[in-house]
Amino acid sequence: MTAKFQLPRNLQSFCEVRHPADAVVPILIRPVRDAVHEWMTEINMRTALESVNIEPRNTALLYGPPGCGKTTLAHHFAARLGMSLISVKMDSIVSSYVGKTENHIGELFSTIKNAEVPAVLFLDEFDAIATSRTSDGSSAGKGKDAVVNALLVRIEEHKGICIAATNRGDAIDPALWRRFGLHLDIGLPGQEERFAILNKYLFPYALPEKDIDTLAEEMAGASPALIKQVMEGIKRSLILNPCLNRPIDANTILGQVLASVKPHAAYATPPLWESLTDILPAISWPPQPCPKAA
């Protein structure tokens with residue numbers, strides 16, 4: 001049995017531990033799945049690679065829209081290695097005191113390095129302190145540059161697995177970007193992935209495959225997080241509506257769910273929010289309990 005990573009007191013204000021047993025399998029587009037599988041194989045074949053003077057890559061930068069599974073992927077990857085994930089919200093280590101942020105960075109990496117139990121380090125919201133350096137000469141600019149320089153040194157020296165995540169890949173300092181061995185675009189799911197995500201979060205209910213396929217098409221442009229919200233909203237309404245003396249027909253349930261769950265204004269609205277009345281006649285309703293869950 002793998003020993004659990006115990007978070008030292010000095011890291012508890014800006015870190016949390018995610019253990020392997022709590023990880024779930026992310027649903028990813030095929031290029032990302034293939035890249036992650038290759039990286040896992042690379043790490044497991046360290047000895048063979050070192051025999052030809054190649055070190056397995058130990059860093060990855062995940063970038064893409066919010067809600068697409070960057071944290072889920074990092075947690076799953078750590079779990080596959082049998083390690084806990086030390087998740088750091090990078091904005092929480094920022095201090096207004098001169099030099100304090102750099103001290104926090106040093107303390108973080110040193111503590112992980114000297115820990116008795118290995119863990120994967122996950123730098124979430126990386127863009128909070130890792131954006132491009134400036135040359136304006138201001139005290140604020142110099143302080144920001146010092147933080148980026150501290151990150152450059154620490155990531156370069158780190159021998160364990162380090163994964164960073166950002167919604168703003170274009171904002172990351174170019175030198176920091178180059179410190180990562182992999183750059184994975186965790187983009188919006190395609191039709192195949194939306195189909196799988198819909199089934200996953202509708203469980204223990206199910207709809208015929210043709211209906212899931214229709215919903216997947218109508219949710220083009222939706223993030224996994226948004227799809228999850230919609231499916232959980234449907235299940236919630238199926239249970240609560242009878243108690244609230246509300247009908248459970250498709251028009252009522254889907255209408256109330258889509259009225260309360262919407263994509264962020266910065267992103268395109270999936271067709272479902274505009275075409276609900278057009279697709280309702282084609283959807284079998286209500287969802288039925290899955291045979292395995294009955």
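At what angle do helix H8 and helix H11 pack, and how far apart are their axes? I find about 145° between H8 (residues 209–218) and H11 (residues 272–279), with the axes 10 Å apart. Helices here are DSSP runs of H or I, at least four residues, numbered from the N terminus; axes are lines fitted to C-alpha atoms over the stretch in contact, and angles run from 0 to 180 degrees between N-to-C directions. Thr214, Leu215 and Glu218 of H8 meet Leu272, Ser275 and Ile279 of H11, where contact means heavy atoms within 4.5 Å.

A note on what I am reading: this is a predicted model, with local features needing pLDDT of at least 70 and side-chain atom pairs pLDDT 80 or more, while totals for chains, interfaces and linings use all residues. Residues are numbered from 1 along each chain as its sequence is written, and side-chain values use heavy atoms, without hydrogens or water.

Next I looked up the domains. The chain splits into domain 1 (9–185) and domain 2 (191–289), with bounds from an automatic or database domain assignment. Their centres, over C-alpha atoms, lie 34 Å apart. Domain 1 brings 10 residues to the contact and domain 2 brings nine.

Together they bury about 700 Å², 62% of it on carbon and sulfur atoms; buried area is the accessible area (1.4 Å probe) lost on putting two parts together, summed over both. On the domain 1 side, Ile27, Pro66 and Gly67 supply 58% of the area buried against domain 2, more than any other three residues.

Last, I checked charges. I count one salt bridge between the domains (a side-chain nitrogen of Lys or Arg within 4 Å of a carboxyl oxygen of Asp or Glu). Arg33 and Glu193 pair in a salt bridge at 3.7 Å, N to O.

Key. Helices (H or I, at least four residues) and strands (E, at least two) are DSSP runs, numbered from the N terminus.
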